[in-house]
Amino acid sequence: MCGIVGYIGHRQAAPIVMEGLKRMEYRGYDSAGLCVLEQGNLLVYKRAGKVSQTESLLDYTTMHSTLAIGHTRWATHGEPNDINAHPHTDNSGKISLIHNGIIENYSSLKKKLISEGYTFSSDTDTEVLAVFIGHLYERTGDFELAVRSALSEVDGTFGLAVLCADQPDTLIAARRGSPIVIGIGDGEYIAASDAAAIIQHTRQVIYLNDDEMAVMHRSGYVTKTIDDREIDGEIHEIDFDIEQMEKGGFDHFMLKEIYEQPATFKDAIRGRLLVEDGNVKLGGLRPIEDKLRKARRIIILACGTSWHSGLVGEYMIEQLARIPVEVEYASEFRYRSPVIYSDDVIIAISQSGETADTMAAMKEAKLKGATVMGIVNVVGSTIARESHAGVYTHAGPEIGVASTKAFTSQIAVLSLLALHLGRMNQVSQTQGKVIAEALRAIPDQIEKILQTSDAIKEIALQYSHVTNFLYLGRGFNFPVALEGALKLKEISYIHAEGYPAAEMKHGPIALIDENMPVVIIATKDEVYEKVISGIQEVRARRGKVIAIATEGDMSIAEYADHVIYIPATLPMLTPALTVIPLQILAYAIAAQRGCDIDKPRNLAKSVTVE
Ligand code: M6R
């Protein structure tokens, strides 16, 4: 979603800001822009399309400014065109603003400003905020005060950076609901929505909390609340390296991230698995250990792929710990007056830790007295910081918009959690040891599946022209069917649906004919025979069957057009393996169709608006 970069320091600002925007391209955007302060004038360059299109407007040799802001926009109000792109300026041309989020009362503010003679050129809520700040600046002559006053009057969410032509030594950044990280260098500061834009310059960062702002001058900075109380912003260290933000020889980030999974799964369980004790150690849960022990119910909140891993978690936790689990779409939970008890434990799952719906649902649960734990990938993200306790997934930066390694890392952490809760309840040390050993074997098993990727790509070639796909799975693999379908539709734009295998006969079976490929997860477990019946039903209607089966199951080849094998593991851990061929299949089909795999149309990496 929108990317924000602001720089103040002693170096030429424009290339630093543009480089930062490129580092954030993976988040998804439709236009980009830059504002520099040159000889007292704010100069704005912006274009719909790629960052490179905006960059083609720039001649760095003629630019000297050491103060600049830049933005990549993902349209919410107004179509993606040059005019609606950020930065937006006020009517005097003295204020320039970049913004991520939504100003909910922009329409009433706009009417008021029009009645006072102000004019607007874009359809955006952001321009309204820029004009409003400009209006308050005209009245007070105090830039910081104008920003603070405007922000206390607006409703909605913002992560923003703002410049004033009269203040060549000031950059202001603020947040409510949308992330802002302040990179602290030597006599220079970078405000960004993502540490990816900062890592090249400094590892020292401050994460702003809601209703906080940073006022940066070359000689120093101050962090304060929007109502003007100074605060000590805690300085953190960025925990990843710049190489992790590069493709490392792969054609796409998504492919690189698929191939990283043996390592990322290992990182998620490293130091946490006590194989001999048949148990796990999750230090991040210490503050809520007692609550977890007494939890009457667990509610998992998430969106998209994280919601799918939550469903796997539900099955695991209920099986091992016998605690009832509900998995909710965060976006639904927040608006339906949910019943929450004080002895409920809420688990918010999120790769980015910044998904607006998950954040809001989690806030709602906290407000109602529940204990919240986070399962989050991005260190220092809002969900991680606002949870009472949590477990990081340690998957490293995930750049591809289609989530892959984050899913398997979430599965790893959820299995650890299920085992932990299970051992508090009914799981014996011997049973625990079996699970721990199986978990330890998963990275090598993923590696083995990756070695079969050429065969999976062959299958993909045969189906890259189709317009529909069906994915079926049961038990632990029902969520994997949903995830496989999501991967395919996100990056190849082929319509795909995931269903519990037994539900097929209640409706989707009507779709099956010789043109319909059906991916069926049929691993050897207690529902295997039932799934085979489903395969027969598809075959009887001439549908094409791509089966994901357990190594050694030779008989399945009789019923399926194609079989992709995965190594045997415990049924509860199969999702970490069965999802791998589905990721490769989706990737290979999208590559064959020539799709923009890492930046699929209309999608953003982290959805920071409702
Ligand atoms: O960062 P989060 O895990 O909270 O993101 C949730 C979804 O937006 C995300 O999983 C989305 O569905 C991905 N594009 C899936 O590939």
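Buried here means under 20% relative accessible area, exposed over 50%, and partly exposed anything in between, using a 1.4 Å probe and protein chains only. With that in hand, select Asn602: at 65% relative accessible area, Asn602 is exposed. Asn602 sits in the segment after helix 18 (575-592); helices (H or I, at least four residues) and strands (E, at least two) are DSSP runs, numbered from the N terminus.

Some ground rules before moving on. This is a predicted model, in which local features need pLDDT of at least 70 and side-chain atom pairs count only at pLDDT 80 or more, while totals for chains, interfaces and linings use all residues. Residues are numbered from 1 along each chain as its sequence is written, and side-chain values use heavy atoms, with hydrogens and water left out.

**Stop one: the domains**

Colour the protein by domain: domain 1 is 3-238, domain 2 is 247-449 and domain 3 is 452-610, with bounds from an automatic or database domain assignment. The C-alpha centres of domain 1 and domain 3 are 43 Å apart. Even so, 13 residues of domain 1 are in contact (heavy atoms within 4.5 Å) with 11 residues of domain 3.

**Stop two: the ligand**

Now centre on the ligand.

- Thr355: a polar side-chain atom is 2.4 Å from a ligand oxygen.
- Ser352: a polar side-chain atom is 2.7 Å from a ligand oxygen.
- Thr305: here a polar backbone atom is 3.0 Å from a ligand oxygen.

On its own the ligand has 410 Å² of accessible area, and the protein covers 92% of it; the areas come from the Shrake-Rupley method with a 1.4 Å probe, and for residues only the protein chains shown count as cover.

**Stop three: Arg385**

Jump to helix 12 (residues 382-386) and pick Arg385. Buried or exposed, or in between? Arg385 is partly exposed, at 26% relative accessibility. Its side chain makes a polar contact of 2.5 Å with the side chain of Asn209. A polar contact is a pair of N or O atoms within 3.5 Å; within protein, one must be able to donate a hydrogen and the other to accept it, and residues adjacent in sequence count only if both atoms are side-chain atoms. Arg385 and Asn209 are 176 residues apart in sequence, yet 9.1 Å apart C-alpha to C-alpha. Leaving out residues up to four places away in sequence, Arg385 also touches Arg175, Tyr207, Leu208 and Gly380, among others.

**Last stop: two loops**

Select Asp211, in the loop between strand 11 (204-207) and strand 12 (212-217). Asp211 has a positive phi of about 60°, though not a glycine, and is partly exposed at 30% relative accessible area. Finish at Pro87, in the loop between strand 4 (67-73) and strand 5 (88-89), where the peptide bond from His86 to Pro87 is cis, with omega near 0°.
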